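Work through the exercises below with the structure open beside you, and try each task before you read its solution.

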Amino acid sequence: MVFQMPERSGPGFRRRVGPPSRRARVALLTLGVLAVLFLLFVMFAGFWTDWLWFRSVRYSSVFTTQLWTKIGLFAVFGLLMAVIVGFNIWLAHRLRPPLSAMSVEQQSLDRYRSGLAPFKRWALIGVSLVIGLVAGAAASGQWRTWLMWTNATSFGEKDAQFGMDVSFYAFDLPFYEFLLGFAFSAVIVSLLTSALVHYLYGGLRLQGPGRRASVGAQGHLAVLLGVFVLLKAVAYWLDRYALAVKTGSYKGVSGWTGLRYVDANAFLPAKTILFFVAIICAVLFFLTPVRRTWAPALIGLGLMVLSAVLIGGLYPAIVQQFQVKPNEQAKETPYIQKNIDATRQAYGIADAQTTQYSPQAATTADALKPDAQTIADIRLLDPNIVSPTFQSIEQQRSYYAFPNTLDVDRYGSGTDKQDTVIGLRELDLNGVQRNWINDHFKYTHGYGAVVAKGNQVNDKGQPVFTESGLPATGALGDYEQRIYYGEKTTSYSIVGGSNQEIDYTTETGENKQYQYTGNSGVSLDNPITRAAYAVRFAEPQILYAGAITDGAKVIYNRTPKERVEKVAPWLSIDADPYPVVQDGRVVWVLDGYTTSDGYPFSSKTTLGTATKDSLTNQRGELLTVANQVNYIRNSVKATVDAYTGEVKLYQWDDQDPVLRTWMKAFPGTVEPKADIPAALLPHLRYPQDMFKVQRDLLGQYHVTDSNSFFNGSDIWQIPVDPTSDTKQVQPPYYLTVRMPDPAVTSASFSLTTTFVPNGRDNLAAFMAVDADPGPDYGKIRILKIPGDSKTLGPNLVQSQFNSRQEVASQIYALKSGGDAELEYGNLLTLPVGGGLLNVEPVYVRGRGAKYPTLQKVLAVYGNDNVAFENTLEDALKKVFAGAAPPTTPTAPSTPNTPTAPTSPTTPTSPTTPAPGGTISPELQKALGDAEKAYNDSQTAFKNGDWVAYGNAQKALGDALKAADAARGGAPAAAPSAGATPTGSQSPHP
């Protein structure tokens, strides 16, 4: 028989492959080195560009403080963990028995011991380093906790249970808990690794004759277990204080915080007892190496576990069942009161003023007079609807755009001061031909502010602009109009050098050129810096592009929120930055919040939930450091220059201990309140997100009596926005309003909201906070409506609109049989004339129209007076139909000093000469203006035109002020009696 060798090919033959050639090995090694170098450069690029950015905005100390704190925590705790674990691994190896018992188990382990023997030292170092790196990385994330602990500032307030300063819970306790957690981790890892080494080298045996643990292994593990139990004792002691910030659910409050009866009378003594039991148990473990038996320690451990179940679990359940439940109200109300007081203090609502208010169904002329300014300043322009209108009328060029939601501010002075709607014409790259040069070199900035009166529209239903055009002109005067930093500016730009940017395009189509002269940005002259930014932006052209010349700079992180968040990483940032034109510049104003979750007895709230409303998707969300908090303050006002990007942080609340703690941690970053520019101060306002959090809490915490709180019969909720399809709650609104309070003599710029009873739609309360900087800034006033008044809430008001036949027919006509779309504006509720006035602008967007126009105004006064008219004046005349004026109206005796109304009299002429008989030209003009304003107010009053009446009264007040000034401070003569507030807002249409 002849055998043939198989061919050396085909699927049945496996060719033996030799080692790679020298060239291949060199190539692979080179690729590996290059990959490592690239990864290292990527890490370097992130670090280097961050450093350059912080240096460019002059907040390098923020970067270095964070960096060195993180490095220090990483090094100290990483090294500490590595040393502890490494020492215990070494000790376990050192305590190994000299000879292993001859058993199948040990014979199997011999192979592992033999294989590990040449690498024991490297294995020890490697395991220790890996564990240390993990621990160091975790510790570096606690840099905020470390900085707060090392810079802690006293609150000057003590908790109601232990008498400890609040700073202990806010700053100290979190750090102690971190240390305790680190110590537990070190002991547990040491215990596991030591047990593994003891088993590997025969110190612990699962099989075979004799002892299961050698003397050395027993003593080592017993000491580690003793340390663990000792740490548990420390944990029990700290748990006593943690009860003051423990969170649960009670009486409908999901974030209820603080001790209740069972905590104070069962859990607290149980934690104390368990503390001593754990210490005794730890001592028994420490005695194990001496006694050479586990029995006492294990018995002690069993007793500790049993005590934890009986004393820490069963006993509190018995107390709750047999002491608390039979008489819960009497037992719990003292602790409920502590929670109420702490919560109201922690959220800044302790001084909220609640007044009973019974809205009248009808009003009179005399009742309406004090509210003339409120009526005159009803805002018709809804900033959440008119952005498309601004876009269509004032966009000017395709590469500009306005934010989806515009902002409300105040501009002007005297009778010219008014609520306005403002938006910046920002850059929109979607309107240009997209390429790298256009996106980052040519189209770099927006241009100009557009401002419209909040209370007027023209005859076409369009805004009445006071600042418009490209370049913008109008009431704001001269200012730097280029917007390099804005809410919609999210990409980087390269400016400076010889780069000529497109400034704007003229009406003739000419592109005006501009070269950036601001001092912001990072220089790209250094090739390493260019390479770093090429990596950061994943754009290799930055390395070699000829468009980048000497002097070129890159600007990035261009949204106001981004910039403030980076320079103040300890602040939570309000969702709604707003632009202000002041001192010839455009600046963004942002509100910064300091928060804590360590205020004892104060209930916790989830910021993301509390601040969510029907406009959240348009405005954006609050940027939070911690989402769950139980203390908040609007402690910082921040500005970002729209041209230079310069960031300024101003101390707004100089009593806030959290802010003072961060100011010590980052010295020199926050400027004192006195440094706020005088021109900026009138534009600052009470922030929306702070107000939303406060109103969310006040739904339950308006109740200050613990017995009433326990019964839970007076819970409010924020009504769902009836003008939105989002099914979210109604947002708060900025309005000029006078609260019906004897101490309030004039209307002021305020932030307002309404409440309805839980599960019902009638109105429960109206709330306003004074939003204007001044002595009453932040004063919260609540008008509580009687439960049996059946006053309409927002959804019932909207139903009143929709259910009226005369309104329904007009709505159908406006829709043109389905060819047009209606958009309901903000439903505003105002306390006016002893009742409540609801006003809602109605916008119409025709088929094919790019933007809506204001066509109708809905108004409701009381429950039955409903109007759906073309103008606000006509709507008010209809709902105020019963408010017939007296035969002769009256006017104020002195500016800004309303008096009680008197019987009608014939007014005195305001043109009385100054003492001495000489009237200066300034005085003559002022008195003439006063007389004209007074006559105008008489005419408006007789006609029932409350809008014109309010405007005339404001003009009269300003004229009398001018007369006072011209007379050298002596009061000018005026009509003898009246009751009209003066104000500072502009006329209505």
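The model used here is a predicted one.

**Exercise 1.** Determine how the residues that line the second largest cavity divide by class, and find which strand supplies the largest share of them.

*Solution.* Begin with the classes: the lining holds four nonpolar and five polar residues, and no charged ones. Next, locate the residues themselves, which are Q730, P731, Y733, T752, T753, T754, F766, L827 and T829. Then turn to the strands, where β27, running over residues 748-757, gives three residues, the largest share of this lining.

**Exercise 2.** Describe the largest cavity by its volume, its lining and the classes of its lining residues.

*Solution.* Start from the search of the whole structure, which finds five cavities of 30 Å³ or more. The largest cavity contains about 90 Å³ of space. Its lining is made of 13 residues, and those nearest its centre are P383, V408, R619, Q688 and Y734. Strands β5 (407-411) and β26 (733-737) each contribute at least two residues to that lining. Sorted by class, the lining has six nonpolar, two polar and five charged residues.

**Exercise 3.** Work out whether helices α11 and α22 are roughly parallel or roughly antiparallel.

*Solution.* First take the angle: α11 (residues 328-346) and α22 (residues 688-701) pack at about 160°, with their axes 11 Å apart. Angles over 145 degrees count as roughly antiparallel, and the two helices α11 and α22 are therefore roughly antiparallel to each other. Last, look at the contact, in which N339, I340, T343 and R344 of α11 meet L697, L698 and Y701 of α22; by class, this contact has four nonpolar, two polar and one charged residues.

Note on methods:
Residues numbered from 1 in each chain as written. Predicted model: local features only at pLDDT ≥ 70, side-chain atom pairs only at ≥ 80, totals over all residues. Heavy atoms only, no water. 1 Å grid on protein atoms, 1.4 Å probe; cavity = no way out; pocket = protein on both sides within 12 Å on 5 of 7 lines; lining within 4 Å. Points joined across faces, edges and corners; volume = space filled by probe spheres on them. Helix = DSSP H or I, 4+ residues; strand = E, 2+ residues; numbered from the N terminus. Nonpolar A, V, L, I, M, F, W, Y, C, P; charged D, E, K, R; others polar. Axes fitted to C-alpha atoms, helices over the stretch in contact; angles between N-to-C directions. Parallel < 35°, antiparallel > 145°, perpendicular 65-115°, else oblique. Contact = heavy atoms within 4.5 Å.
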